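Please look through this structure with me.

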Amino acid sequence: MLHDFSYHRPETLEEALNFLAQHGPDTAVFSGGTDLFVVIRAGLVKPVHVLDLKGIAELRELKWSASEGLSIGACVTINELLEYPHVKKEFPILHTAGEELATFQLRNRATVIGNIVTASPCGDMSGPLYILGGDVVLQSASGERTLPMGKFITGVKQTIIQPDEIVTRIIVPPTWARAPGGYEKLKRIKGHDLGVVSVSMIKHKKAIRCAIGSAAPKPVLLPDFPADAAVEDIKSKAQEMISPIDDVRATAEYRTFMVGEFITRLMERI
Amino acid sequence: MKTVKFTINGDVYERSVSEHKTLLHFLREDIGLTGTKEGCGAGECGACTVIVNGKSVNSCLVLAAEIDGASIETVEGEVVDGKLTIVQEKFDEHHAAQCGFCTPGMLMTTKDLLRRNPHPNREEVIDGIEGNFCRCTGYQQIIEAILDAADNGAADEIAGRDAAKGGKHA
Amino acid sequence: MLDTAAASELKYVGKVTRRVDTIEKVTGQAMYVSDMILPGMLYARVKTSPHARARIRSVDVSAAVAMQGVRAVVTGKEVPFKLGLYVEDKDILARDEVRHFGEGVAAVAADTLEIAQKAVDAIVVDYEELEPVLHPRDAVKKDAALIHPDLGSYGFMESAFTPIPGTNIANLSKVRKGDVEKAFEEAEWIIEREYTNPSVQHVPMETHVAIVQWGQNDNVHIWSSAQSPYTLRNLFALSFGLPHRNVRVEVPYVGGGFGGKAGIGIEPLVAVLSKAAKGRPVKFMATREEEFSLLPCRSQLTYQIKTGVAKDGKILGQKMTMWWDAGAYADYAVNVTRASSFSAAGPYEIPNAWVDSYTVYTNKPFGTAYRGFGHVEFHWGLERHMDLIAEAIGMDALEFRLKNALKPGSATLTGETITEHTGNISACLKKAAEMVGYGTVTEEEKAKAAASGKKIGKSVVGLHKAPAMPSFTATTVILKMNEDGTVTANLTLTDYGQGTYTALAQMIAERLRMPMERVKIAFESDTDRDPYDWQTVASKGLLLSGNAAILAADDLLEKAYGDAAQILRAIPQDLDHDGDGIFLRHRADQRVSFRQLAIGYAYPNGNAIGGPLVGVGRYIAQGLTNLDKETGAGHPAIDWTYGAHGMIVAVDPKTGEYDVLKVASVFDAGRVVNPDAFRGQAIGGMIQGLGTATVEGYIYDDKGHLLNPSFTDNKIPTAKDIPFEIETFGVETPQVDGPYGARGIAEHSMISVAAALGNAIQDATGAELTHMPLRFEDVWRALNRKEAVDNWITKSPYGSCKSAPEIQKHACD
């Protein structure tokens, strides 16, 4: 059961941002609610207000253009992402990661932006958006700022979002479009599960890019490797940079091992 | 409190809802439609699955306050003129319900699946119902019921009723 | 209840039929207690302990009491009633001490759930944290702190159990057969190992829920999601010192039980709230997190087996020690301990046996009945052990099992003799082996697995179980004829998905020779209206209630025949019946219909004879004996159901990842009454078994906090987790005293599945696992001969996975 909060559904972005300018610290912004209502129910957060973004038309936009790339609005659900033909075509790892996220019903509500805003180390979308060079656009009543994914998440469930800000969209530039890629996620069952550890990788004639999830407080982005890099070099760099923990899901030892295994698989497959 | 106007299984409602109440509790307590069940309250088990504006969702993670203008489908809307749907018939034939608690959610997920994919293969059925836990049946007879239903016009039946209502949802 | 009717003679029993209770479920009309709202009803929430062991210094409820909308607040001090099915060791709410994480300390009933929750949050409990005793190995040490220092003063069922006061041992059950040390001296090989499984939860889709109304003159009305209405009534009445007639239990549809709802649970707590709230009905529904911690689970088991084997592969002697970690309260665990002791060796002949089966108290959520009643837990070790013995002595694992399998003339651990009607374990083993192509791996199988870098492994395992129940277990079915010649049956055996009601309808239809559509099994149970049944557990329902249903039908017919004899002016022996009525066998046109007899027969002139036709069938377990407390000797089992699983897995020898390709499950059901229901039980139980084998299990930190009290980290199988191929088969060695020769299989499908997996993984890769669950990482560790991870009571303070909400909650402590 959820505690007593008031519900707001602005119809314009301006309305939303003005509300946050006044009530930001007491407000939880949401679209899908699939992370927010779980933590509210657990009593971990008790916002006075919840602000539903779904009434704001521009935040529901999902569009690809060869010049800008893929613009994913705050309210675009994972299933909407999966259904948009350009996603599978231009950024296949986004599609694969999306398919691995939770269940079909949850994907009808959960959003791409919501996933990165929650910033769980297990988040499925973060790693792929990292390596695709996504730029996060934030707006507040006082203006707009854009910063790369790499600067967006700062720790476990922590981002640089200010109380008066909304992430309005993420722009995935066309730089890495059509790059073959893959997303490997270790789960405890074949059904839906949080990632015990995950590896995203794209291979382009320019470079090999790799990100690792659930192996550190934030997704670990490896430095770019040349396209002809050896598997062992990537593996040893990964092992050097990750800092997985022992927890109820797996040991650090197994996570480290599977990171290496996933890198090998992806390098063979892509 | 917020006033919302919506339809459930084609019936029009206008109600005052508590702003922090979930759609699941609202349906069960305020409207009295207890077919949809609570299994975990956290979006994991699928027992609370209903269809909102044509999309299957876990109603435990949707606010009642969000449904203004929405059309909602629950298990209670499946029987029309006293007749079971083909899917319900096949669930009966294949013993796809044991304790029955997961069944309403499972049926709504199945409805969504067959709208999107009228003739799924076994793997697609499994993918489709993956978000609905069943502790009793081991899923096999549920899968068989859905495949048999699809082979016997279940998707057409859904599409036909959707068309009769003038679109995908009233 | 001999009925040697061949399948061809039967019209309903053994045939494919629909279930009698599906329509309500697929239409959403079925009403469960969680759906019920009564006038004036209040909502309850419970304050639970965040500590595994602590002294309660004080409970300050003043803020809760003062809150508007709060109608009752109760703490342990106000409810000095001890509960306990077998050992009276449990308070309704913790009084001076909390003994496990999640234990109830106080409770509130309020106008709304929200107010109740706010009130609970406002209750302040002052705890003095104590060092918890977590591992059973530590609990049995001489200087261990006592979970129940007053164990010696508790009432307990003396005929069956032996608690040891001054220790943490709630019960010790023993079997002493022959001379096991001499057998070891004569043995060619000795194989000794230890096997463990963690606690798991039943995970019914409907959590525990009850509504209780404590009315005037101590008339208590209970609605509960429960398996056993009469046991609930009995324990409730005894605990509160009320006459049985004062307590009325109603059970509507139940959303799964699996043993977790077998006895008494939250009802007493809800009752005291109702009493404190001036008799208003109070409803408590456990959240999923409470289901995992406030409500009970399944005991953990450490099973040590030492086996002496002769040169020819025959088992000469076996010493078995079971340490059941039952958590904070004995509940059903002492009986699980006992039932497992007399069954401990599996379906194999052990001429010399020694069993010590201990129930150990620890500071953890307590174990209750769970499908299999100990057998799923110990068959893991036992069937792994059979494979490891076979490997040690150089014999094929199936051959070794067949060589030692119980056969007609064999003696069980308790000295019972197996007859040719008991069942055929060898047939089950052979059939399961055949269904998975045990002993060979085809080229096709190899190639398919190799495509993903995996290796094939196959296994065949056996299993057995008899109902664990009192020697005087009984049940009654009442069968009433309706005015139109249909019948309605009343009983309090419950059907929460097993399909038993459908099987009973088939049997009644068969006996009365009328179509199943004319037989109604009244679904909901009411102890004021319906007759006694002991409990819906133990896989005894089909057998005992089936017999009672047949007897009820026969009784109804006898009365109807008596009336018909008068009307037709004949002797009853000259009569016969069909689904419509009774007729003279030598002149079939002379008949009287059931309609005419149903509520009394009226002659054309108005004279009436007979009356409403009601058949009563009662059946009590025949010939069972108590077990000798020292040797375990006796006859405890009304029937034994044997079974076997064959399994094929594909394992990645590098990473430990694996796929379950196929499971074939075979059970000697005596007679398969309903093929689809049989299949439903077989597959459902197998998948539940697979869940506990692959991923389920409670994980604690070293302070006894439960780290995975939700689906986030306590996973169960989804549709994606089932084997690619599933087959089932029913062997039919008739149970002579079973209804139409049938015996139950409700629990059996879950037994030995884990061992099948462990054996198949070892067959594929050589990885030897003796603990559960078998997660990919555990397989990897075994493959690489790394130390097994203690993923049960972990070393790290809070398990350190910060994403799960429940972990975050504790991080604030």
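**Where the chains meet**

In chain C, 29 residues are in contact with 26 residues of chain A. Two residues are in contact if their C-beta atoms, placed from the backbone, lie within 7 Å. Three helices of chain C, namely H3 (113-122), H19 (776-783) and H20 (805-811), each supply at least two residues of the side that touches chain A. H20(C) gives the most to this side, with 4 residues. Helices (H or I, at least four residues) and strands (E, at least two) are DSSP runs, numbered from the N terminus.

This is a predicted model: local features need pLDDT of at least 70, side-chain atom pairs count only at pLDDT 80 or more, and totals for chains, interfaces and linings use all residues. Residues are numbered from 1 along each chain as its sequence is written, while chains are lettered from A and ligands numbered from 1 in the order in which they are written.

Chain C also touches chain B. That contact takes 41 residues from chain C and 41 residues from chain B. Helix H1 (23-26) and helix H17 (675-694) of chain C each supply at least two residues of the side of chain C that touches chain B. H17(C) gives the most there, with 8 residues.

The table sorts sides by residue class. Ala, Val, Leu, Ile, Met, Phe, Trp, Tyr, Cys and Pro count as nonpolar, Asp, Glu, Lys and Arg as charged, and the others, Gly among them, as polar.

**Domains**

Chain C is divided into domain 1 (7-30 + 473-620), domain 2 (33-132 + 208-285) and domain 3 (300-469 + 625-783). Domain bounds come from an automatic or database domain assignment. Taken over C-alpha atoms, the centres of domain 2 and domain 3 of chain C are 36 Å apart. These two domains touch: 19 residues of domain 2 of chain C are in contact with 20 residues of domain 3 of chain C. On the domain 2 side of this contact, 8 residues are nonpolar, 6 polar and 5 charged.

Chain A is divided into domain 1 (6-52), domain 2 (60-175) and domain 3 (180-269). The C-alpha centres of domain 1 and domain 3 of chain A lie 34 Å apart.

**One residue of chain C**

Find Gln566(C) in helix H15 (residues 541-568) of chain C. A residue is buried if 20 or more other C-beta atoms lie within 10 Å of its own, exposed if 12 or fewer, and partly exposed in between; C-beta atoms are placed from the backbone. From Gln566(C) to Gly689(C) is 123 residues in sequence and 57 Å in space, C-alpha to C-alpha.

**A closer look at chain B**

Chain B has 6 helices and 5 strands. Along the sequence they follow the pattern β-β-α-β-β-β-α-α-α-α-α. The C-alpha atoms of chain B fill a box of roughly 45 × 35 × 25 Å, taken along the principal axes. Chain B has a radius of gyration of 15 Å, which agrees with the value near 15 Å for a compact globule of 170 residues. The radius is taken over C-alpha atoms, and the globule rule is 2.2 Å times the number of residues to the power 0.38.

Of the 170 residues of chain B, 64% count as buried. Among its contacts between residues at least 6 apart in sequence, 63% join residues at least 24 apart.

Now follow the strands. Strand S1 (residues 2-8) and strand S2 (residues 11-17) of chain B pair in the antiparallel sense over 7 bridges. Two strands pair if DSSP finds at least two bridges between them. S1(B) and S2(B) form a hairpin with 2 residues between them. In the turn, Asn9(B) has a positive phi of about 50 degrees.

S1(B) is also joined to strand S5 (residues 71-73) of chain B, by 2 bridges, and these strands run parallel. Ile8(B) takes part in both pairings. It stands opposite Asp11(B) in S2(B), and its bridge partner in S5(B) is Ile72(B).

Helix H1 (residues 23-30) of chain B is mostly covered, with 6 of its 8 residues buried. Among them are Leu23(B), Leu24(B) and Phe26(B). S2 of chain B is included in what covers the buried residues of H1(B). Just after H1(B), Gly32(B) takes a positive phi of about 80 degrees.
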